[in-house]
Amino acid sequence: MHPRNVWQAMSAPGFLRSAWPWRAVAYLLTGAVAGAVTLVGLVVAVTVGAVLSVVVVGLPLLLLTALAGLPVARLERLRLRLADRAPAPDRPRRQPTAYGPWPWLTTRLREPATWRDLGHALLLAFVLWPLDALLLTAALAFPLATAATPLVMATAGDGEEAKVLKLWTVTTWPTAFGVAVLGLLLLAAGAYALALAAGARAALARVLLGTGREPDLDARVVELTRSRVRLVDAFEAERRRIERDLHDGAQQRLVSLTMTLGLARLDAPPGPLADQLAKAHGEAGRALEELRELIHGIHPKVLADHGLAAAVEDAADRSAVPVDVRLELPGRLPQAVEAAAYFVVCEALANVARHSGADRAEVTGGHRDGRLRLEIRDDGRGGAEAGTGTRARGGSGLTGLADRVSVLDGRISLSSPPGGPTLLRVEIPCEWTERFA
């Protein structure tokens, strides 16, 4: 198994013979160079901007300086591949609301990620790159200079002595070779030290830049939310297609069949054949009624044409229990929200009629503070419980309703003490705009 990062490589045999020590050196060396360049750039930009800010010209330069972390963070994500093979994805960025440099600049300055990138750039410029340079000097330059003692002694003018790190003098060849062996051992130890430092630096960069091993959580949440919205829209479109096909296809055929059987029944003489035709005519009529109910339940025409308030009024008129409806809506809402709310109201009213023993029910609610709020109340015997896959005592079975609403980030709550009343609350986030009016 090939190591994925410098940490795993250090614990694997043959570390010194692999490319990982060189990758660690390259990571720290490029970090030192990038930090030094960043420091110079920041100092020059801030100095020039501060001087020119007297005449307001330097203000844009100071604002652009706040964005210095963006290219530094992008470079750091590329450099991370030297110490860690795992990808370092960038954070998802918000898109400007308009075209042009100023909307882009204001959008970037409002993002917390921009300021985290700037903090990383400042830390790299003032703290990290001097440490990288110091580590490279201590772990490479000193051991290499020590290991080169015999070469220094051989190239000296008299060939009788050599200075080791400008600290002590070697005058014999056995001592020179002994110092060289010590330098090689220090070089091997330095390779581990540099790998350790490179792994720590890479881990710190991932924390500061939000590039953990798992894909960025915010990006995953955003993508999951978008995909869920797409699935809801696709589901509603498929419901409408099925309703259209049933309405224009199967229903029309049943109507034609019912009329044909009715005419045949009128022309047939009294007898067994007439009785069979009458029975078939009745069955066809009942099948047509059931199909119409099915079409109405899939996506009622009144909901598509007139909106949620009219559809709830229609459902209340068809309820076996008298229902009062008081809804205050600004206009049309998104189709997915209207469909989910209508489904919840219909299921709740069906449960009221089947299980509550109520004499009256009411549906109230409206759109306030960016949320659609509905309340379905009845004066029945209460004692309903939220089911967990099967219908619970009292017949509430809210699991399916909760799943339907949760797809839209909504929630359902139930209050049903023994003896009643029962109150079902529904909240669905829904920003109303003029295009839904």
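Six bridges join β3 to β4, and the two strands run parallel. Strands here are DSSP E runs of at least two residues, helices are H or I runs of at least four, and both are numbered from the N terminus. Two strands pair if DSSP finds at least two bridges between them.

Before going on, the conventions. This is a predicted model, in which local features need pLDDT of at least 70 and side-chain atom pairs count only at pLDDT 80 or more, while totals for chains, interfaces and linings use all residues. Residues are numbered from 1 along each chain as its sequence is written, and side-chain values use heavy atoms, with hydrogens and water left out.

Back to the strands. Seven of the eight residues of β4 are buried, so the strand is largely enclosed by the rest of the structure. Buried means under 20% relative accessible area, exposed means over 50%, and partly exposed is in between, with a 1.4 Å probe and protein chains only.

Next, β7. Six of its eight residues are buried, so β7 is also largely enclosed by the rest of the structure. Strands β5 and β7 are antiparallel and are joined by eight bridges. R371 stands opposite P429 of β7. Strand β6, residues 411-415, also pairs with β7 in the antiparallel sense, over five bridges. There, S415 is partnered with L423, and L414 with L424. The hairpin of β6 and β7 has six residues between the strands, and in it G419 takes a positive phi near 95°. As background, side chains in a regular strand alternate between the two faces of the sheet.

Now the packing. How many residues does the largest nonpolar core have? It has 34, and those with the most contacts inside it are V363, I376, V426 and I428. A nonpolar core is a set of buried Ala, Val, Leu, Ile, Met, Phe, Trp, Tyr and Cys residues joined through side-chain atoms within 4.5 Å. The elements giving two or more residues to this core are α12 (308-318), β3 (323-328), α13 (335-356), β4 (361-368), β5 (371-378), α14 (399-406) and β7 (422-429). Of these, α13 gives the most, with ten residues. A second, separate core has 18 residues, among them A24, A195, A197 and A205.

Leaving aside neighbours within four places in sequence, V363 is in contact with V312, V323, D324, V325, R326, L327, V345, L349, E375 and I376. Contact means heavy atoms within 4.5 Å.

On to the helices, with α13. At 1.5 Å a residue, its 22 residues should span 32 Å, and the end C-alpha atoms are 30 Å apart, which agrees. The expected span is 1.5 Å times one less than the number of residues. Just after α13, G357 takes a positive phi of about 70°. Y342 lies in this helix and is buried, with a relative accessible area of 5%. Y342 and L308 are 34 residues apart along the chain, and their C-alpha atoms are separated by 6.6 Å.

Helix α8 covers residues 173-209, and its 37 residues should span 54 Å; the end C-alpha atoms are 52 Å apart, which agrees.

In helix α4, residues 69-83, we find R77. Is R77 buried or exposed? At 7% relative accessibility, R77 counts as buried. R77 and L209 are 132 residues apart in sequence and 8.4 Å apart in space, C-alpha to C-alpha.

Two cysteines. C346 is partly exposed, at 22% relative accessible area, whereas C430 counts as buried at 4%. The disulfide count comes to zero, with a disulfide taken as a pair of cysteine sulfur atoms within 2.5 Å.

Last, the totals. The chain has 14 helices and seven strands. Buried residues make up 39% of its 437 residues. Among contacts with a separation of 6 or more, 67% are between residues 24 or more positions apart. The chain exposes about 24,800 Å², with carbon and sulfur atoms supplying 64% of it. Areas come from the Shrake-Rupley method with a 1.4 Å probe, and for residues only the protein chains shown count as cover.
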